[in-house]
Amino acid sequence: IQIPDIGQVNINGLTLDDANLKINQLISEYYVGARSDLSVRKTALKKVSVIGAVNKPGTYIVNPYTTVSQAINYAGGLEDNASLRTIKVIDYKGNQVLSDLYQFLVFGKRNSDLSLKNGDTVFVKPTSSFVKIYGEVHRPMSYEYIAEDKYNDLLLFAQGGTKNADLNNIIINSA
């Protein structure tokens, strides 16, 4: 962005909020009492790659608001051995962030379904760490676990016990 009397200001890679903050700080130093407000007139598509344990790995042109779960959908969904707990999002500089989609899919925490930036790569790792939870639970099925999970975490994945559940008498079978 070119600003009179200030010069060129690089906002490449910043979110709209961060760019607004940066420009407002610069303007307040040069123009007393002045403020600026950035807005987006036309959003641009993004290019992201989805690799690993997905049905159609590749690079996709996506809308600017695409999240990790939506990118996986672009890639045709998950393979049976896909991990939803340890998804890596790698930016174009090589920085990595882990996403645990259980926080979003099981508990509804939207902030764990990370927004993607142009050039990001979503890497879905394979895993064999699954446990089958069945009996008097609200949602019996197989769930992925990670080393930090406790017994209560697994029960929460299955949405807890039904009214007929005897939570003091639980059997765990390990193969």
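**Close-up views of a predicted model**

Figure 1. At 9% relative accessibility, I3 counts as buried (buried means under 20% relative accessible area, exposed over 50%, and partly exposed in between, with a 1.4 Å probe and protein chains only). What you are looking at is a predicted model, in which local features need pLDDT of at least 70 and side-chain atom pairs count only at pLDDT 80 or more, while totals for chains, interfaces and linings use all residues. Residues are numbered from 1 along each chain as its sequence is written, and side-chain values use heavy atoms, with hydrogens and water left out. Find I3 in strand β1, which covers residues 2–3 (strands, E, of at least two residues and helices, H or I, of at least four are DSSP runs numbered from the N terminus). Now look for I51, which is 48 residues from I3 along the chain. The C-alpha atoms of I3 and I51 are separated by 41 Å.

Figure 2. How much space lies in the largest pocket? About 990 Å³ (the space filled by probe spheres set on grid points, which are joined across faces, edges and corners). A pocket is an open set of points on a 1 Å grid over the protein atoms alone, where a 1.4 Å probe fits, with protein on both sides within 12 Å along at least five of seven lines; lining residues have an atom within 4 Å of a point. Here 27 residues form the lining, and G13, L14, T15, L16 and K46 lie nearest the centre of the pocket. Helix α1, residues 16–30, gives the most to this lining, with 3 residues. Sorted by class, the lining has 13 nonpolar, 8 polar and 6 charged residues (Ala, Val, Leu, Ile, Met, Phe, Trp, Tyr, Cys and Pro count as nonpolar, Asp, Glu, Lys and Arg as charged, and the others, Gly among them, as polar).

**Figure 3. R85 and D100 in a salt bridge.** The structure holds 2 salt bridges (a side-chain nitrogen of Lys or Arg within 4 Å of a carboxyl oxygen of Asp or Glu). In one of them, the side chains of D100 and R85 meet at 2.9 Å, N to O. This pair links distant parts of the chain, 15 residues apart. D100 sits in the loop between β6 (96–99) and α3 (102–105), and R85 in the loop between α2 (68–74) and β5 (87–90). Are these two residues buried or exposed? Both D100 and R85 are buried.

Figure 4. R85 is buried because its relative accessible area is 6%, and D149 counts as buried at 19% relative accessibility. Put together, R85, D100 and D149 are linked in a network of salt bridges. For a sense of scale, look across to Y30: R85 and Y30 are 55 residues apart in sequence and 48 Å apart in space, C-alpha to C-alpha.

**Figure 5. A147, an exposed residue in a loop.** A147 can be found in the loop between β9 and α4. With 77% relative accessibility, A147 counts as exposed. A147 and S129 are 18 residues apart in sequence, and their C-alpha atoms are 9.2 Å apart in space.

**Figure 6. S112, a buried residue in a loop.** Look for S112 in the loop between α3 and β7 (121–124). Its relative accessibility is 12%, so S112 counts as buried. From S112 to L98 there are 14 residues in sequence and 9.3 Å in space, C-alpha to C-alpha.

**Figure 7. Helix α4 and the segment after it.** Y151 lies in helix α4, which covers residues 151–157. At 37% relative accessibility, Y151 counts as partly exposed. Follow the chain on to Q159, in the segment after α4. What is the phi of Q159? About 65 degrees, a positive value although Q159 is not a glycine. Most residues other than glycine have a negative phi. Q159 counts as partly exposed, at 38% relative accessibility.
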